[in-house]
Amino acid sequence: MLTTAYAAVLLCGSVFGVSVQAADSPARQLHQLNENSVATIELPLLAGWYEGQLVHYISTDMSDQVMSQQTGTNYVSRLSYALRAPLPGQPTAVDRVYKFTNFNQGSVFPSAPQKIGYQNTNEAYTPLWVVYLATWQAGTTPRTLRSEEEVLNAADKLEIQLTPTTVVVNCPIIYSAKDGILGGATIHVKQPKTNERR
């Protein structure tokens with residue numbers, strides 16, 4: 001069985017690699033899929049931050065068509081309906097995610113599963129996020145922010161500007177060193193090649 005490797009780039013994250021198992025060719029194999037097929041898929045794994053700890057997530061759907069094209073995700077305009085005001089006393093289905101516009105770092109999440117999978121006990125966690133753009137202001141020294149508390153503190157000090165958008169993304173967190181990996185998932189790490197000559 002042959003493995004054909006692919007690479008993809010998504011916004012604000014590190015790509016670990018994508019591969020398709022194929023007996024003949026990836027395109028031909030996909031045409032042979034049916035309800036009895038035994039198949040797996042590998043997706044780019046992106047890095048982010050939650051309460052000072054690295055977390056990893058996948059991105060599959062976005063409510064903004066331009067961002068969807070740039071990231072290779074599904075354009076789902078209906079996701080914007082998740083921003084409708086909830087009934088009084090009812091929780092919302094979305095939470096903020098902070099993406100940085102002028103500094104290279106992973107997104108910052110305000111919640112994550114605690115024990116990833118069916119044992120999750122964090123009722124604040126949701127895989128649906130409304131994007132807040134974080135921009136470092138002139139005269140500041142950008143640094144990696146690793147929690148929502150650090151992001152909000154930087155905003156209070158006017159070091160960064162937070163700009164809310166109406167972009168909703170579906171980015172489930174599927175792995176963290178602290179809370180484990182989603183059941184059935186396998187992660188293959190592809191380290192970037194470095195040039196030996198300088």
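This is a predicted model: local features need pLDDT of at least 70, side-chain atom pairs count only at pLDDT 80 or more; totals for chains, interfaces and linings use all residues.
Which residues are exposed on the other side of helix 3? I will come to that after a word on the whole chain.

The protein has 198 residues, and 35% of them count as buried. Its secondary structure amounts to three helices and twelve strands. Take the contacts between residues at least 6 apart in sequence: 63% of these join residues at least 24 apart.

Now to helix 3, which covers residues 148-156. Its buried residues are V151, A154 and A155. Looking down the axis of helix 3, you find these buried residues within an arc of 100 degrees, so they line one face of the helix. There is a general point behind this. An α-helix has 3.6 residues a turn, so residues three or four places apart point the same way. Back to the opening question: E149 and D156 are the exposed residues on the other side of helix 3.

What lies over the buried residues? The cover includes strand 7, at 94-100, strand 8, at 107-108, and strand 10, at 160-170. Just after helix 3 there is one backbone detail to look at: L158 has a positive phi, about 60 degrees.

Next, some strand pairing, with strand 11 as the reference. Strand 11 is made up of residues 173-176, and it pairs with strand 4, residues 53-57, in the antiparallel sense over three bridges. If you want a place to look, Y57 has I173 in strand 11 as its bridge partner.

Strand 11 is also joined to strand 12, residues 180-181, by two bridges, and these strands again run antiparallel. Here the bridge partner of Y175 is I181, in strand 12. Strand 11 and strand 12 form a hairpin, with three residues between them.

Last, a single residue, S68. You will find S68 in helix 2, which is residues 65-71. Is S68 buried or exposed? The cut-off for buried is under 20% relative accessible area. S68 has 4% relative accessibility, and therefore counts as buried. What does S68 touch, leaving aside neighbours within four places in sequence? Its contacts are M62, T73, N74 and Y75.

Strand 11 pairs with strand 4 and forms a hairpin with strand 12. S68 is a buried residue in helix 2.

Technical notes:
Residues are numbered from 1 along each chain as its sequence is written. Side-chain values use heavy atoms; hydrogens and water are left out. Buried means under 20% relative accessible area, exposed over 50%, partly exposed in between (1.4 Å probe, protein chains only). Helices (H or I, at least four residues) and strands (E, at least two) are DSSP runs, numbered from the N terminus. The arc is that of the directions from the helix axis to the C-beta atoms. Contact means heavy atoms within 4.5 Å. Two strands pair if DSSP finds at least two bridges between them.
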